[in-house]
Structure formats: structure tokens, C-alpha cells
Amino acid sequence: MNPTIQESKGECQHCGEHFIFPVANAGGTIACPHCGKETILRQMQQSRSYVIPLSILAGIMLVVTSAYEVNALKQNRETSRQVAEQKQRLQNAKSEMVRPIAALKVRTEGCTLPELRQCETDIKTTYEVNKSQLSPFSTDIEQLIKLIDACELCWNNSNINSLQGGIIYPKWPGQLEAMERIYPNVTNLLDKPRYANGFNGDTFVKWGLAKISIQCESLLAKMQREK
């Protein structure tokens with residue numbers, strides 16, 4: 001039997017049997033319902049306190065601390081491994097990217113239009129394969145590709161109009177943007193009569209190749225610095 005809120009469990013001082021009595025009667029006496037002897041109404045202690053020896057507590061703390069340290073060590077090792085793998089992937093991607101950029105830089109002197117196009121294809125292909133690893137250099141690589149495109153467009157249009165002295169016209173599709181990428185101040189010359197027929201394709205190709213060479217050198221140096 002379980003006592004209610006207004007009741008308590010008592011224990012006979014003679015026979016040790018348990019019984020229920022009203023809390024309000026605590027301290028009084030009754031005849032034990034089991035043995036019949038007079039017993040004092042005392043509330044039984046409902047819970048006991050347990051004291052953990054310091055040696056056991058110290059052992060528990062040591063186990064917990066050791067487990068935490070082991071877990072932290074594993075996490076540190078895993079983080080170090082991931083960082084090392086990421087650095088290695090970056091190094092591999094840079095090594096792959098350096099080759100076509102260096103080849104383009106060499107070919108900017110005396111190359112043909114098909115050779116320039118092949119260099120661009122090599123750079124684009126290598127970049128796409130390693131794009132996720134080469135994010136620190138994405139802006140520079142993409143600017144280089146746009147500069148190559150501009151140079152190719154000027155070169156191609158110059159060849160198409162070679163019968164007229166290699167003149168390229170700003171109104172051709174994409175031509176003005178290509179000329180501005182090679183020579184940003186070109187728009188300042190468009191309204192000047194003396195330059196009206198002076199947009200020679202060979203000149204812009206020459207300027208474009210020179211600018212490509214400089215940008216290749218700058219990008220290679222940047223990739224060398226980034227470890």
C-alpha cells in the first residue's frame with residue numbers, strides 16, 4: 001500500500017512491520033496493527049543519500065577526460081588530414097594549369113591564329129577539370145580567357161578583311177568590346193576623323209598578344225606564390 005499526500009508510512013519499533021498513518025498524527029502513539037504493541041508514529045525516510053568515494057569519483061573523471069582527449073585527438077588528426085589533402089589537390093591543380101599557361105606565354109611571340117586557338121582550348125579544358133580547386137585564381141584565369149577571345153576576334157576579322165589592308169570595323173558584332181579589352185582607351189578615338197580608318201587588325205593583334213603575355217606572367221607568378 002502506498003501513502004497519499006496526507007498520509008505517511010510508519011514502521012513499528014517492535015516488529016518492524018510497516019503501516020500507514022495520517023501525517024497530522026506524527027509523534028503520537030498507536031497500537032501496531034500487526035503485533036498490537038504500542039509504537040510511536042514516525043515517518044519513514046523516503047530516500048537515502050549515497051556518498052561516492054573520492055577515489056571512485058576521480059576514476060570516473062579520469063575516464064571521461066581520457067575519452068574526451070582521445071576524441072579531440074582524432075578530430076584534430078582528421079582535420080589535419082583534410083587540410084593536407086586539400087593543399088595537395090590545390091598543388092596538383094596548379095601544376096596542371098601552369099603547363100598550358102606557360103605554353104601560351106611562349107607562343108605569344110610569333111604564333112599563328114590556329115596555335116592561339118589551340119592554347120585557349122588547352123587552358124579552358126584544364127580549367128574546367130580543376131575549376132573547384134582553382135577558385136583562388138578564377139578571376140585571373142577567366143580574364144585571360146576573355147583577353148584571348150578578344151585577340152582572336154580581332155585577328156579573325158582582320159583576316160576576313162585582309163583585302164582592305166586588314167582594317168577592322170568597330171560596328172562588327174563583338175568587335176568594339178574586343179578592342180576595348182585590348183586597348184581600353186579605344187572609345188576615345190572613335191570620334192576622331194584621323195582614326196576613322198586606322199583600326200588596323202594587325203596592330204590590335206600585336207597589342208593583344210603582348211597583353212596576353214603580361215597576364216600569363218602575372219598569373220604564373222601568383223600561382224607560384226600561393227602555397
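This is a predicted model: local features need pLDDT of at least 70, side-chain atom pairs count only at pLDDT 80 or more; totals for chains, interfaces and linings use all residues.
**Exercise 1. Find out how many helices and strands the protein chain has, and in which order they run.**

*Solution.* Start by counting: the chain has five helices and four strands. Next, walk along from the N terminus, and you'll read β-β-β-β-α-α-α-α-α. Then look at burial: of the 227 residues, 28% are buried. Finally, take the contacts with a separation of 6 or more: 55% of them join residues 24 or more positions apart.

**Exercise 2. Work out which element has the lowest mean pLDDT and which has the highest.**

*Solution.* First get the overall picture: the chain's average pLDDT is 82, and 84% of the residues score at least 70. Now go element by element.

**Exercise 3. Describe how α2 and α3 pack: what are the angle and the axis distance?**

- Step 1: α2 covers residues 113-129 and α3 covers residues 138-160; their angle is about 155°, and their axes are 10 Å apart.
- Step 2: angles over 145 degrees count as roughly antiparallel, so α2 and α3 are roughly antiparallel to each other.
- Step 3: the crossing of α2 past α3 is left-handed.
- Step 4: check who touches whom. On the α2 side you'll find residues including Leu-116, Ile-123 and Tyr-127, and they face an α3 set that includes Ile-141, Ile-148 and Trp-155.
- Step 5: sort this contact by class, which gives ten nonpolar, three polar and six charged residues.

**Exercise 4. Now take α4 with its partners α3 and α5: which angles do you get?**

*Solution.* Begin with α3 and α4.

- Step 1: their axes come within 9 Å and cross at roughly 120°.
- Step 2: that angle makes α3 and α4 oblique to each other, and their crossing is left-handed.
- Step 3: the α3 residues in this contact include Leu-147, Cys-151 and Cys-154, and those of α4 include Ala-178 and Met-179. By class, you get eight nonpolar, two polar and two charged residues.

Then move on to α4 and α5.

- Step 4: α4 (residues 175-182) and α5 (residues 201-225) pack at about 50°, with axes 9 Å apart.
- Step 5: this makes α4 oblique to α5, again with a left-handed crossing.
- Step 6: Met-179, Arg-181 and Ile-182 of α4 meet Phe-204, Trp-207, Gly-208 and Lys-211 of α5. The tally is four nonpolar, one polar and two charged residues.

Notice that Met-179 turns up in the contact with α3 as well as in the one with α5.

**Exercise 5. Zoom in on Val-205: is this residue buried or exposed?**

*Solution.* Locate Val-205 first: you'll find it in helix α5. Its relative accessible area is 7%, and buried means under 20%, so Val-205 is buried. Who's around? Skip the neighbours within four places in sequence, and Val-205 is in contact with Cys-151, Cys-154 and Trp-155.

Methods
Residues are numbered from 1 along each chain as its sequence is written. Side-chain values use heavy atoms; hydrogens and water are left out. Axes are lines fitted to C-alpha atoms, for helices over the stretch in contact, and angles run from 0 to 180 degrees between N-to-C directions. Helices (H or I, at least four residues) and strands (E, at least two) are DSSP runs, numbered from the N terminus. Angles under 35 degrees count as roughly parallel, over 145 as roughly antiparallel, 65 to 115 as roughly perpendicular and the rest as oblique. A crossing is left-handed if the near helix is turned anticlockwise from the far one by less than a right angle, and right-handed if clockwise. Contact means heavy atoms within 4.5 Å. Ala, Val, Leu, Ile, Met, Phe, Trp, Tyr, Cys and Pro count as nonpolar, Asp, Glu, Lys and Arg as charged, and the others, Gly among them, as polar. pLDDT is the predictor's confidence in each residue, from 0 to 100. Buried means under 20% relative accessible area, exposed over 50%, partly exposed in between (1.4 Å probe, protein chains only).
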